Amino acid sequence: MLNRQIGPYRIEAFIGAGGMGQVYRARHQALNRTVAIKRLTVMDYADRFANEARVHAGLQHPNIAGLYELLDIDGRPAIALEFVPGPTLDQHIGERGMMPDDAVQVFRKVVEAVKYLHGKGIVHRDIKPHNIKARWTDEGWKVKLLDFGIAKDRQSPKLTSTGLVVGTLDYLAPEQLGGRTSLQTDVWALGVLFYEMLTGHPPFQSENALELYNQISRAIYAPASAMSPTAPPWADTVIASCLKKKPASRYQTAAGLADALTAYVTAPHRTISLQPDLMRRIGFGSLGLAGVLILGVLFWPSSEPDVTPDPPPEHSGTVLRPDGIPPLNSSEGGPVQPAEGNQVFGTLSPTFNDPDSVTIRVLNAPEAYIVLQGRSYQLPFTIRGERGSTVAFDVGAPGYESKRDLQVTIASYRRKEYAFPLQKTRR
């Protein structure tokens with residue numbers, strides 16, 4: 001193939017081979033444009049290759065490699081694709097993952113690409129680092145999603161035999177193990193991808209395929225923040241919402257995931273400093289670092305229930321719950337009227353012996369609020385107080401069922417951010 005002239009293209013180099021064919025770098029002689037040419041070599045996959053070309057041909061997005069035209073090479077179909085220079089994402093991830101800021105920037109671009117696909121009813125089905133190109137430029141990260149070899153839309157024929165599974169096992173959702181796919185299977189793969197970008201390895205891993213299968217089926221894993229000290233705590237909530245065992249419990253499309261990322265990355269924060277005389281310290285000192293780490297794993301919420309953090313029961317202690325907090329009326333909606341209080345805003349009070357903070361969020365309700373010490377405040381909201389103290393509060397939003405008597409512990413060894421899903425009020 002090297003140096004051959006294929007229509008307007010001259011083959012310059014061999015790039016690699018996959019399950020269906022080979023990929024070459026070529027140059028359009030008239031346009032002086034470098035392209036990638038993918039040539040089918042296994043004719044048993046001719047129908048799948050034709051489906052890939054049809055699905056890919058209609059896509060135009062800055063984070064998706066484009067398709068230029070169909071070709072015929074010695075009686076075998078081929079496609080000319082946008083040539084994307086630079087390393088694949090797995091080369092950036094390495095053994096320890098990416099820097100958090102870089103990981104978030106790249107991941108948001110990948111999510112935007114999948115959001116575009118989902119808007120067209122397309123399931124990629126093979127989202128993984130090897131199928132993503134990413135390189136840093138003077139204009140920021142350039143990211144491209146590649147390889148639509150097993151992508152599927154509403155017009156795609158049934159190309160997989162009953163009982164067979166397509167895709168890469170590490171990134172398959174539980175339902176994919178049974179041969180079922182949907183937009184939510186891509187959301188699962190995005191959750192696995194984000195976890196790997198932050199930690200350097202997928203949430204489910206084993207050298208034994210059966211054990212890996214069982215891990216995925218149970219959807220139980222250690223949070224990213226427990227595996228990497230640089231992973232932002234809010235990423236645990238986003239990943240948990242992607243890696244729900246039941247598809248209906250995840251973000252339903254990549255658009256929901258994109259909105260959540262935007263809320264976390266761009267939303268302004270409000271801050272309150274609690275008066276020290278209202279706080280009560282919980283005795284974690286005797287646990288030691290090992291005990292804290294063990295508790296973090298034992299009491300991390302599973303992927304099935306809503307993320308509702310509670311302090312370990314054997315250290316529940318006395319929590320901040322002042323009298324006179326007005327009740328939330330979910331049928332009427334809206335924040336409660338502000339009550340009298342003696343909160344200290346702005347900088348930390350100098351009387352705190354050991355100050356720390358925790359941020360509270362609600363992602364799926366734009367007018368969400370928190371009720372704390374008898375007053376309501378717009379979310380997101382940062383509570384500052386003495387380290388080791390536990391705070392009780394309510395969250396709500398107009399048109400949503402409120403969550404009451406929630407508790408979080410202000411401590412450096414626990415999560416720094418918590419996000420709570422709200423259910424819409426039933427009519």
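On a 1 Å grid over the protein atoms alone, a cavity is a set of points where a 1.4 Å probe fits but cannot get out, and a pocket is an open set with protein on both sides within 12 Å along at least five of seven lines; lining residues have an atom within 4 Å of a point. Grid points are joined across faces, edges and corners, and a volume is the space filled by probe spheres set on the points.

The model is predicted: local features need pLDDT of at least 70 and side-chain atom pairs pLDDT 80 or more, while totals for chains, interfaces and linings use all residues. Residues are numbered from 1 along each chain as its sequence is written, and side-chain values use heavy atoms, with hydrogens and water left out.

**Exercise 1.** Characterise the largest pocket, then examine Asp147.

*Solution.* Step 1: the volume of the largest pocket is about 940 Å³. Step 2: its lining has 32 residues, with Gly18, Val23, Lys38, Asn131 and Asp147 nearest the centre; 13 are nonpolar, 11 polar and 8 charged. Step 3: elements that each supply at least two lining residues include β2 (9-17) and α1 (46-57) (helices are DSSP runs of H or I, at least four residues, and strands of E, at least two, numbered from the N terminus). Step 4: Asp147 lies in the loop between β8 (140-145) and α4 (183-199). Asp147 has a positive phi of about 60° although it is not a glycine. Its relative accessibility is 31%, so Asp147 counts as partly exposed (buried is under 20% relative accessible area, exposed over 50%, partly exposed in between; 1.4 Å probe, protein chains only).

**Exercise 2.** Check the span of helix α8 and locate its buried residues.

*Solution.* Step 1: α8 (residues 254-266) has 13 residues, and at 1.5 Å a residue should span 18 Å (1.5 Å times one less than the number of residues). Step 2: the end C-alpha atoms of α8 are 18 Å apart, which agrees. Step 3: Ala254, Leu257, Ala258, Ala260, Leu261 and Tyr264 are buried in α8. Step 4: these buried residues fall within an arc of 160° seen down the axis, so they line one face of α8 (the arc is that of the directions from the helix axis to the C-beta atoms).

Technical notes
Ala, Val, Leu, Ile, Met, Phe, Trp, Tyr, Cys and Pro count as nonpolar, Asp, Glu, Lys and Arg as charged, and the others, Gly among them, as polar.
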